[in-house]
Amino acid sequence: MKQMNNKTIDKPAILGGTPIFETKLPMVVPDFPTWYSVRDKFEDVFNKETIFTKGKYLREFEENIADHLNVKHAIGLSSCTSGLMLLYRILDLKGEVILPSFTFMATGLSLMWINNLTPVFVDVDPDTFTICPKEVQKHINNNTAAIIGVHTFGNPVHIDELISIAKKNNTKLIFDSAHGLGSLYNGQPLGGYGDAESFSCSPTKLLITGEGGIVTTNNDELANQLRIGREYGNPGNYDSLFAGMNARMCEFNAIMGIESLQMLNNIVNERNRMAKYLKERLSFLQGIKFQFIDQKNVSSYKDFTIVIEEEFELSRDQLVEALKAENIETRNYYSPPLHLQTTFKSFQNRFKEKLPVTEKLSNSAVTLPLSSKFSIEQVDKLCLAIEKIYHYRKEINNL
């Protein structure tokens with residue numbers, strides 16, 4: 001045991017100490033609505049035995065989301081990914097699409113389903129971890145079809161700057177807002193920016209429909225095309241207008257969403273409270289960098305991610321292994337970044353070693369467990385585990 005600041009610090013588990021958690025601390029504990037809150041609506045759907053998709057509960061969910069986000073249209077879909085795929089197709093994009101490489105794979109994979117589109121990966125801001133407007137401006141040209149902004153980990157991207165660039169260059173602007181439900185930009189919810197935004201409602205998000213997504217837009221024609229597109233491109237007469245897909249959201253998912261939306265603000269507040277506590281505790285350790293959130297904005301904190309710098313004297317991967325020994329689950333988002341993934345191997349020569357911030361983050365960022373259902377005792381023990389690992393860093397380096 002070490003004596004630090006008049007406190008006795010037990011050995012971390014990786015050095016033979018007792019794990020701080022007896023059972024695994026999971027990355028996420030989903031914020032599902034209670035069974036009692038959805039039971040009557042579920043029974044209503046079962047008893048009618050006819051309308052399982054595109055029914056009254058989907059319409060209610062879409063109306064509630066549109067009202068909450070202050071947008072004209074919210075279209076419920078099977079996933080955020082299908083929303084992006086439909087947007088890329090309906091907007092008839094051709095040419096290059098600028099997007100960050102430091103993002104979840106769905107942002108880029110959606111592009112690969114559409115012919116005539118070439119991803120152009122650009123670097124992110126080293127502080128916000130979101131796409132860097134200066135890099136976007138540097139890579140935009142006459143062949144640019146669209147810009148994709150991503151609210152990474154729930155942190156709102158530089159929206160105004162991207163809007164300005166898109167308008168100046170007559171370019172479509174789409175937001176991958178998978179992490180964005182609950183986030184605020186300049187005090188306002190996301191949803192009404194650019195041509196459209198695509199949100200995720202999967203079990204790792206703050207608003208959960210089981211599986212599902214939502215596309216929001218203030219463009220009437222685009223909204224109409226999205227509703228047709230989620231139904232195979234069928235406007236209702238079985239004469240498909242374009243190659244759509246089955247991207248419908250069923251009534252059960254919509255019911256979950258209706259109830260989950262009522263919980264959203266409390267979940268965001270609780271996650272921000274936990275994130276503030278984590279920052280306060282871990283800021284005393286050298287070599288830990290936090291994502292910068294502009295004070296005018298609110299992050300949903302879909303993920304709480306830190307960067308491990310040289311001053312920590314352990315690598316990200318060493319910290320991950322030490323936390324694993326403490327029964328603490330982590331994720332290395334996003335490693336590898338898109339431009340180094342196998343799907344995009346034909347583009348690797350163009351972008352490899354050209355995105356220094358992205359490649360550094362992918363090797364040094366680690367996402368810690370966070371849930372509105374965690375107790376303060378659990379968060380305290382998570383901090384204590386990292387503190388112990390840091391205090392014994394020299395011994396861990398000798399393993």
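1. A word on conventions first. This is a predicted model in which local features need pLDDT of at least 70 and side-chain atom pairs count only at pLDDT 80 or more, while totals for chains, interfaces and linings use all residues. Residues are numbered from 1 along each chain as its sequence is written, and side-chain values use heavy atoms, with hydrogens and water left out. Helices (H or I, at least four residues) and strands (E, at least two) are DSSP runs, numbered from the N terminus.

2. Let's start with the sheet. Seven strands form an open sheet with mixed pairing, in the order S3-S11-S10-S7-S6-S4-S5; two strands pair if DSSP finds at least two bridges between them. At the edges lie S3 (73-77) and S5 (117-122), each pairing on one side only. From one strand to the next, the twist averages 20°.

3. S6 pairs in the parallel sense with S4 (residues 95-100) over three bridges, and Thr-144 in S6 is the bridge partner of Glu-96. S6 also pairs in the parallel sense with S7 (residues 172-176), over five bridges; here Ile-147 has Leu-173 in S7 as its bridge partner.

4. Helix H3 (residues 80-90) lies across S3, S5, S6, S7, S10 (196-200) and S11, and runs at about 160° to S10. Axes are lines fitted to C-alpha atoms, for helices over the stretch in contact, and angles run from 0 to 180 degrees between N-to-C directions.

5. Now for Lys-56, which is found in helix H2 (residues 56-69). Is Lys-56 exposed, partly exposed or buried? Lys-56 counts as partly exposed because its relative accessibility is 40%. Apart from neighbours within four places in sequence, Lys-56 is in contact with Asp-44, Lys-48 and Glu-251, contact meaning heavy atoms within 4.5 Å. Its C-alpha is 9.7 Å from that of Val-45, eleven residues apart in sequence.

6. H2 packs against H8 (residues 251-282) at an angle of about 30°, with the axes 7 Å apart. The two helices are therefore roughly parallel; angles under 35 degrees count as such, over 145 as roughly antiparallel, 65 to 115 as roughly perpendicular and the rest as oblique. The crossing of H2 and H8 is left-handed, which is to say that the near helix is turned anticlockwise from the far one by less than a right angle, with clockwise giving right-handed. Among the residues making the contact are Lys-56 and Phe-61 of H2, and Glu-251 and Leu-261 of H8.

7. H8 has another partner, H12 (residues 376-391): their axes come within 10 Å and cross at roughly 30°. H8 and H12 are therefore roughly parallel to each other, and H8 passes H12 in a right-handed crossing. The contact includes Tyr-277 and Leu-278 of H8 with Val-379 and Cys-383 of H12.

Key
Buried means under 20% relative accessible area, exposed over 50%, partly exposed in between (1.4 Å probe, protein chains only).
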